[in-house]
Amino acid sequence: MNKKGFIFDLDGVIVDTAKYHFLAWKKLANSIGIDFSEAQNEQLKGVSRKRSLEKILKWGNKSLSEGEFKRLMGLKNDDYLSHINQMDTSEILPNVAQTLDFLKENKQAVALGSASKNAVPILKKVDLLEQFEAIVDGNDVSKAKPDPEVFLIGAKLLNKEPEDCIVFEDSVAGIKAANTANMISIGIGQKEVLHEADYVFTDFTEMSQDFLKGLISGKNKKQTKRNVSIDN
Ligand code: BG6
Ligand code: MG
């Protein structure tokens, strides 16, 4: 049987934590006199904690000392964790648990590839930690997405070649990272936003078992449309 490596992003793919990031960043930004909108929060998807604060400060035209910067990152994370602590299995996004079960039943290798340093506590809260053979998170990487490092480490831990790996991602940076790693990129979200992905689904309820079987068998391949579109 074919065995592929399936790598899942966490935030926005397995659970919708963007709403908690929004609450925590908004509280922090407002506390230092910076406005923060949902549209700005969108731009922080897949972006590391440090880079997120850098962007917020830029939007607000503010600069901070290194010590203050660190303190504010800590405050944001404490507030974020207070939301995470309330999470339970009801927050797993639709059909994600079933997809993980299906891959396990079909003896596929499954890893997590996330920018978050809170990945393990979140997976514990939603009772999915055991579903992953390998976890690569914000504590393991030195280069953030769109750099492919997080997914390449994931492939290595699963003992798979990058071209035998499939990535599920909701962020543009994550799709770029998967493409750079030469993995099949599957966008979870809007086609217009994730147009660089090989395949896009609104969510996992749209993804059939036949499609997953096609990924396992190799029938569903990496697309070449990015090259084609240049000629149009
Ligand atoms: C990504 C989120 O998965 O993780 C980002 O999409 C977040 O919004 C990043 O900033 C880092 O997460 P954390 O939990 O380490 O602050
Ligand atoms: Mg994400």
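**Around ligand 1**

Ligand 1 is surrounded by 14 residues, and the closest of them are Asp-11, Val-47, Ser-116, Lys-117 and Asn-118. Please keep in mind that this is a predicted model.

- Asp-11 brings a polar side-chain atom to 2.6 Å from an oxygen atom of ligand 1.
- Val-47 takes part through its backbone: one of its polar backbone atoms is 2.6 Å from an oxygen atom of the ligand.
- Arg-49 uses its side chain, with a polar atom lying 2.8 Å from an oxygen atom of ligand 1.
- On its own, ligand 1 would expose 400 Å², and the protein buries 95% of that area.

**Ser-114, in a loop**

- You will find Ser-114 in the loop that runs between strand E2 (109-113) and helix H6 (119-125).
- Is this residue buried or exposed? Ser-114 is buried, because its relative accessible area is 1%, and the cut-off for buried is under 20%.
- The side chain of Ser-114 reaches the backbone nitrogen of Ser-116 at a distance of 2.9 Å. Ser-116 is also among the residues closest to ligand 1.
- Apart from neighbours within four places in sequence, Ser-114 has contacts that include Asp-9, Leu-10, Asp-11, Val-136 and Lys-145.
- Leu-93 sits 21 residues away from Ser-114 along the chain, and their C-alpha atoms are separated by 16 Å.

**Asp-170, a buried charge**

- Asp-170 belongs to the loop between strand E4 (165-169) and helix H8 (172-180).
- Although Asp-170 is buried, it has no salt bridge. Which side chain of opposite charge is nearest to Asp-170? That is Lys-45, 4.5 Å away, whereas a salt bridge needs the atoms to be within 4 Å.
- Leaving out residues up to four places away in sequence, Asp-170 touches Asp-9, Asp-11, Gly-12, Val-13, Lys-45, Ile-188 and Leu-194.
- Asp-9 and Asp-11 are among the contacts of Ser-114 as well.

**Ala-178, in helix H8**

- Ala-178 has its place in helix H8.
- With a relative accessible area of 0%, Ala-178 is buried.
- Beyond its neighbours within four places in sequence, Ala-178 is in contact with Phe-151, Val-167, Met-183 and Ser-185.
- How far apart are the C-alpha atoms of Ala-178 and Ile-7? They are separated by 9.6 Å, while the two residues are 171 residues apart along the chain.

Note on methods. Residues numbered from 1 in each chain as written. Chains lettered and ligands numbered in written order. Predicted model: local features only at pLDDT ≥ 70, side-chain atom pairs only at ≥ 80, totals over all residues. Heavy atoms only, no water. Helix = DSSP H or I, 4+ residues; strand = E, 2+ residues; numbered from the N terminus. Buried < 20%, exposed > 50% of the residue type's maximum accessible area, 1.4 Å probe, protein only. Contact = heavy atoms within 4.5 Å. Polar contact = N/O pair within 3.5 Å; in protein donor to acceptor, adjacent residues only side chain to side chain. Lys, Arg positive; Asp, Glu negative; His and termini not counted. Near = heavy atom within 4 Å. Areas by Shrake-Rupley, 256 points an atom, 1.4 Å probe, with all protein chains shown as cover.
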